[in-house]
Amino acid sequence: AGVAGSVGHVTIMHPPLTLHRHPTCAQVIQDFKRCHLDHPFGKFFGKCNDLKIKLDRCFRAEKEMKRKANFEASKQLKERLRAQRAAKSAIGASSSSLNHGHP
């Protein structure tokens, strides 16, 4: 499970801190984990908060990069499907006109 942070009375969780799932944030993850190990009690009193903020920002930036990449892939897929549909309807229209021309 993730590590909980507290803002007011709302608990905020970050995703699991696995390096293979977050390669762009690997160094910050390692630093954050090391801080928690080095400060087992201080982590409860804000000792690692600066790293937590960096981690949150890194995850946000990583998510934005993934969102943009997915959006671009989606646009390309839609264009490819649109081209395939246009080609099929053109083939269907030409074969249909050939069949209607002969009794």
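A search through the whole structure turns up two disulfides. A disulfide is a covalent bond between the sulfur atoms of two cysteines. Keep in mind as you look around that this is a predicted model.

Let's get our bearings before going back to those bonds. The protein has two helices and two strands, and starting at the N terminus the elements come in the order β-β-α-α. Strand S2 covers 10-13, helix H1 covers 26-38 and helix H2 covers 49-101. Of the 103 residues in the protein, 17% are buried. The accessible surface amounts to about 8,300 Å², with 60% of it belonging to carbon and sulfur atoms. As for contacts with a separation of 6 or more, 42% of them are between residues 24 or more positions apart.

Now for the disulfides. One of them joins Cys25 to Cys58, with 2.0 Å from S to S. Cys25 sits in the loop between S2 and H1 while Cys58 belongs to helix H2, so this pair ties together parts that are 33 residues apart in sequence. The link of Cys25 and Cys58 is left-handed, at -105 degrees about the S-S bond. Cys25 and Cys58 are both buried.

Another disulfide connects Cys35 and Cys48, again with an S to S distance of 2.0 Å. Here Cys35 is in helix H1 and Cys48 is in the loop between H1 and H2, so the parts tied together are 13 residues apart in sequence. This link of Cys35 and Cys48 is left-handed too, with -95 degrees about the S-S bond, and both of these cysteines are buried. If you number the bonded cysteines of the protein in sequence order, the pairing reads 1-4, 2-3.

Where do these cysteines turn up again? They are part of the largest nonpolar core, which has eleven residues: Cys25, Cys35, Cys48 and Cys58, together with Leu17, Val28, Ile29, Phe32, Leu51, Leu55 and Phe59. H1 and H2 each supply at least two residues of this core.

Next, head to the loop between strand S2 and H1, where you'll find Leu19.

Which residues make a nonpolar surface patch of about 480 Å²? They are Phe41, Phe44 and Phe45. Phe44 is found in the loop between helix H1 and helix H2, the loop that also holds Cys48. The relative accessibility of Phe44 is 60%, and since the cut-off for exposed is over 50%, Phe44 counts as exposed. Compare that with Cys48, which is buried.

Methods. Residues are numbered from 1 along each chain as its sequence is written. This is a predicted model: local features need pLDDT of at least 70, side-chain atom pairs count only at pLDDT 80 or more; totals for chains, interfaces and linings use all residues. Side-chain values use heavy atoms; hydrogens and water are left out. Patches are made of residues with over 30% relative accessible area and no salt bridge: like charges are joined within 9 Å, nonpolar side chains (Val, Leu, Ile, Met, Phe, Trp, Tyr) within 5 Å. Accessible areas come from the Shrake-Rupley method with a 1.4 Å probe; for residues, only the protein chains shown count as cover. A salt bridge is a side-chain nitrogen of Lys or Arg within 4 Å of a carboxyl oxygen of Asp or Glu. Helices (H or I, at least four residues) and strands (E, at least two) are DSSP runs, numbered from the N terminus. Buried means under 20% relative accessible area, exposed over 50%, partly exposed in between (1.4 Å probe, protein chains only). A nonpolar core is a set of buried Ala, Val, Leu, Ile, Met, Phe, Trp, Tyr and Cys residues joined through side-chain atoms within 4.5 Å. A disulfide is a pair of cysteine sulfur atoms within 2.5 Å. Contact means heavy atoms within 4.5 Å.
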